[in-house]
Amino acid sequence: FTPNVVKGLREPIERIATDLINQIEPKGKCDFVAEFGYRLPIVLFLDMMDLPLSDGEYLLEQAHRTIRSTTDHEKHAALAAIFAYLAQVVAKRRADPGDDIISQLHKTQINGEQISEKAVHSISVNLLIGGLDTVASLLGFIMLRLAQDNQARHRFANEPERMDNFLMEMIRRFPITALARVVAQDFSYHGIELKKEDRVFLPTAIHAFDDRKFERPMDLDLDRTIATTMTFGRGAHQCLGSYIARTELAVTLRTWLAHIPDFQLAPDAEIRIESGPINAIKSLPLEWSPAQTAKV
């Protein structure tokens, strides 16, 4: 998950993005969330884990239920299904390792001791759940803004060398995540008494829209210099896959805009946004003129 290793993922991400675009580009329209946003991360995950593509829909459904279900029973059932699926994979890779991430995890040592199968299992589950929803949700909000903002879209398309800077501002402006923590011990914070085992839920928007940190925080300013954001967390609990996520976003947008530089919301589009631990757009109908798209 380090930058040097993640560089090797650029080619497969571009390949996956290109394959998906080639399927939808001739139609001149798509529901971006359903036909692209959620499909790219799951295909990449299956590729990294060396799992069959045919299992993608099942795993994607369980991941959605884990994050989006409104009852504890549904969430626990979906999480149990993911644990059960990956338990078999983890056991097989220990016996017959390959070049995939799960096999590499089995070779990991912590304090001189080989990592336990339970830990490999738990990490694999977290990679699946965390790697699917966050990237898809960010892509949805970014594409919605680009569909509505011609100037921003043209800058993304015509200044690819500034993609990383542009994305940092997009990630700040659309803080989709919330950070959940359990209080470790009793203490007082600015007159608020927090007790051990209390649960704290902090939307990252608290940081992103703080006018002490950012001038005109509600505006999208692609020339803004961003040092840090809280969207992927910070410190010891920063998202392990944050660099992969940013790489997926950058490669995906470069690829999409090379094929479909101009697109807009469908005239009858109903944008449905769902809040929770990860905010998401449920449906994003886009359209474009196939005759005018670039042929790459």
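**Charges.** I started with the charged side chains of this predicted model: the protein has 34 positive and 40 negative ones, with Lys and Arg taken as positive, Asp and Glu as negative, and His and the chain ends not counted. The centres of the two sets are 3 Å apart, placing each charge at NZ of Lys, CZ of Arg, CG of Asp or CD of Glu.

**Ground rules.** I noted that local features need pLDDT of at least 70 and side-chain atom pairs pLDDT 80 or more, while totals for chains, interfaces and linings use all residues. Numbering runs from 1 along each chain as its sequence is written, and side-chain values use heavy atoms, leaving out hydrogens and water.

**Overall build.** I found 12 helices and 11 strands (DSSP runs: H or I of at least four residues, E of at least two, numbered from the N terminus). The C-alpha atoms fill a box of roughly 55 × 55 × 40 Å along the principal axes.

**Contacts.** I looked at contacts (heavy atoms within 4.5 Å) between residues at least 6 apart in sequence: 66% of them join residues at least 24 apart.

**Burial.** Of the 296 residues, 47% are buried (under 20% relative accessible area; exposed is over 50%, partly exposed in between; 1.4 Å probe, protein chains only).

**L202.** I then picked L202, which sits in strand β7, residues 199-203. L202 comes out as partly exposed because its relative accessibility is 42%. Leaving aside residues up to four places away in sequence, L202 touches A178 and L179. L179 is 23 residues from L202 along the chain, yet I see their C-alpha atoms separated by 5.1 Å.
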